[in-house]
Structure formats: structure tokens, C-alpha cells
Amino acid sequence: MIYRSPDFLSYFVSGSVILAQQCDWKSASGGPVWGSQPEVAMESFGRQEFLQYLAEGCILPTAQQGLEQVWQLLLACLLCRIVCRLGIPVHVKQLSSLAGGLYVLYVFFELHMVWVIILSLLCFLILFLCRKSSSRGVFLSLAILIYMLLGELHIIDPETWHKMRGSQMVVAMKAISLAFDLDRGAVSSFPTMLEFLSYVCFAGTVIFGPWISFTHYRDALDGRKMSVAWFGKVALSFVKSQVCLVVSTCIAPYLFPYFIPIYGDGLPRRWLHAYETAVSFHFSNYFVSYLSETTIVMAGAGFSEHKDHLKWDITVAKPLNIELPRSMVEVVTSWNLPMSRWLKKYVFKSALKLGTFPAILVTYTASALLHGLSFHLGAVLLSLGFITYVEHVLRKRLATIFNACILSKRCPSDCHHQNKKAVWVYGTNLFFSALSIFHLIYLGSLFDLDAEDEKVYMASYTIQKWSELNWASHWVMLGSWVFYWLI
């Protein structure tokens, strides 16, 4: 039988784990080793046999291993949920939340979890020492930045650090948001050490995210009713996560020509492979996004209240807005909605006094630093910053000139534009949608999960990958910028 083994928790991107895949297809019966060249399999087997082996050797084992990897996390979240429903003192609920978080950290990282605990304790110590200051957010951000840089500079074993990068980022985001909320008065009372640690190590978010505010965490401890809607949200999000895992691991890498009969050589083949890589990377993000929805709702958070009506409606990512985007602006906000809100609230608005473009650069730089000192991640995020800004100002200028609904974001129904539903308006928006897909393919080409980890982090890898695509996206961005200034 042929099998394919996904290896979890290699590293995070935009607040999310990248699903690192081992791409060795092996035959236990002595058949061919497919590796990253599935053409060998297609030559040895017919299409039907290929699909049969794909189902038996990849899809079923991947789904099974996916469940094996996370069942203890789901159980810990459920136990936290049950404890919060009990009529016990709040500090006991906080203690159970902390215990559940520490348990799942040990399950995923074993003794390396100590680095996450050190960061958590360091954050509380700084907050406590600066409790009378009005700049706690700034001080804590600088301290976390120094801690992250020390870890990235190989003071800690690189392989160990990269595995924990996602949890480190979630803890950092929670601590920074709490510090700024204390400065702004959004949180009125300084938390106890137990309350703080139970918040940053909350079992429902400490592994896969997403970020939640301190206020929302406090509300979750009240223990909302375990309703049919709650169970439905958990079940639906988990099923979606497993589907995305299978697509990322077993389908996306073999789109052309095995699922979609499109062939190409030379440059066209490189673009087809880049599209496969981008789609695989996208669905690995959707897998983590839906799994994070599952864990946070399972643990009793991820809801909104409208008067007396409770909705389990947390959304981490919007895949349709990414695969068929209106604009790159829509892509970056839909990739990880909680992190997008965090960056907007605590970074962008704080830096807006520097100007719009500098604030955008500061925001993407902050995101890159949170994700670690990886050249290819930094290159992608900073490129996104330039691309989204150029697209925003260009479409804003065109919308003003033609008085049309062609902005980066969808216009409200009562907007003042005269041209809303003309054919050329739809055509213009469709053109920019296609351009966004083009940029996504180009940027996503760097996340080739067949590449060796050491190679991916080198600048030469990024340069090589983008050189193979003739730096097309950057040239288009430059051309758009020149066109913007000409009009």
C-alpha cells in the first residue's frame, strides 16, 4: 500500500501553522517510490489506478493521522468547557484553563514547552513592573521583540524554536493586546498572575490560535450553554479542517495534469507548479483556520452576543475571498481575520500618525517579526505591503476618475458612485481579481513543501524561485505604481 505522512506543526504563517508535508510516496509491496515526481506513478499505473492508490494511500491515512494528532487537544478543550459550566469559583476555572493549556503544550512540544512558559512569565513580569505606566504596550512589545530575536538568532535550537513559533506568536499577541487595553482603559483592572497565565495559555487557542481578547476570554469563563448550535459549529469546522487537510496534502500537489488536464513545458509548467504550490499552501492555512475554530468553540469561546441571542459565529479565514478575491486587500484581511483585527487595532492605528504608507509598512514589518526572522516570509509580507498599497491607491484614483464602484473593498449599497452595475465596471473588477490571483500564485510559489527546511530559510531560495517566474509580480506592481502616478 502507498502512504503519505503529513508532519504537523513545522511553522506558522499570518497567525497560522503551515502544514509541512513529507512528500515521499512509498510502496510497501515493493512498488515505485513516487517522491515529488508523481509522473512515475502515472507511467506505472493508469489514471483510475492512480486515483485508487491516492484514496487508499493518502486520503484515508492523512485523515486518520490528522485525527490522531489532535484528539487530545480536542478532549482538553472539551474538559475546559465542562469545568466552566460548573458553578465553581472563577479562580478554579482559571486554574483548569491553565492546566489544560499546559497539558496540550506538553502533548505537542514535550519539554520544549518551557520556552512558551518562559515567554508567558516574562510578559507578566514586565506588565507587573510597568503597572503604573501608561506605555505598557510599547515596553512589552519591545521586550517580546528582543526575546523573539534572541530565539531566532539560534540561542535556542532552530528546529525546536521553529516548532514553537506559532504558540509563541499567539502568547505574544495576547500579552501585547492586554497591555494596550490596560493603557487605553479597555481593561479596567490589572489581572492576577493566575488570570493572566490562564488567558495566554488557554487550551482553546494556545496551539493553533486564534487570538482572542482578554475581555472575550473572561466572558468565556462564564460557561455558555452547550447547545445544538455549539455542537454544530464544532462538528462543521472540524469536518472542514479535515477536508482542507486532504486537499492540501493529497490533491493540490497533483492538480496538473492528473485532476485538471492542462499540460505545459518550460515557463508555463513553472507557473502551473507555482499554482499547485500556492493552492496546497492555501489549504494548509484553511486546515489550521478551521481547526482553530474547532478548538476555540470546543473550549467555550468564539461566540458573539446580540441582546439575548448567542451566536457561535467565529470565523478565522474566508477561503472564497482568497481563491476568488476582489482585491489583494481582501486577501490579506480574509487570510486570518483575528490577526488582521489585531494588527489593525494595535499596530496600524498606532502607527497611522506617521502616514498611511508608513503605517502599512510598520504593520507588515510587525507581522514579519512576529512570524520570525525568515527571509522568504519577510519577503512575502513586505511584498504584500507594497502590492496592497499600490492596488489601493490605484483603484481609489480610478474610482474617482470614472465615478465607479471599482475600489479595493466592496462599496456599500448607498455609495455615491454613479456607475455601479455597468458591464465595464464588472469587467474592471474582474480584471483586478485575476491580477490578485496572479500575485497569489507568484507569492505562494515560495512555500514549496517539497523543499528542505534549511534551504527555504535562505535568501538564495527566494531569489531562485522568483527568478524562475521572471519577477513578474514585482514588475506588475512597479508598472501599476507608474500608471498611478501618470494618471
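A disulfide is a pair of cysteine sulfur atoms within 2.5 Å. The views below show a predicted model.

**View 1. The disulfide of Cys58 and Cys250.** A search of the whole structure finds one disulfide. The sulfur atoms of Cys58 and Cys250 lie 1.9 Å apart and form this kind of link. The link of Cys58 and Cys250 is left-handed, with -85 degrees about the S-S bond. Distant parts of the chain are joined by the pair: Cys58 belongs to helix α2 (residues 47–85) and Cys250 to helix α9 (residues 228–251), 192 residues apart. Both Cys58 and Cys250 are buried.

**View 2. The cysteines Cys405, Cys411 and Cys415****.** The cysteine sulfur closest to that of Cys405 is in Cys415, at 3.4 Å. This is too far for a bond, because a disulfide needs the two sulfur atoms within 2.5 Å. Cys405 has a relative accessible area of 9% and is therefore buried. Cys411 is in no disulfide either; the nearest cysteine sulfur, in Cys405, is 3.6 Å away. Cys411 has 22% relative accessibility, so this residue counts as partly exposed.

**View 3. Thr363 in helix α15****.** Helix α15 spans residues 356–371 and includes Thr363. The relative accessible area of Thr363 is 10%, so Thr363 is buried. When residues up to four places away in sequence are not counted, Thr363 touches Leu343, Val347 and Phe348.

Key
Residues are numbered from 1 along each chain as its sequence is written. This is a predicted model: local features need pLDDT of at least 70, side-chain atom pairs count only at pLDDT 80 or more; totals for chains, interfaces and linings use all residues. Side-chain values use heavy atoms; hydrogens and water are left out. Helices (H or I, at least four residues) and strands (E, at least two) are DSSP runs, numbered from the N terminus. Buried means under 20% relative accessible area, exposed over 50%, partly exposed in between (1.4 Å probe, protein chains only). Contact means heavy atoms within 4.5 Å.
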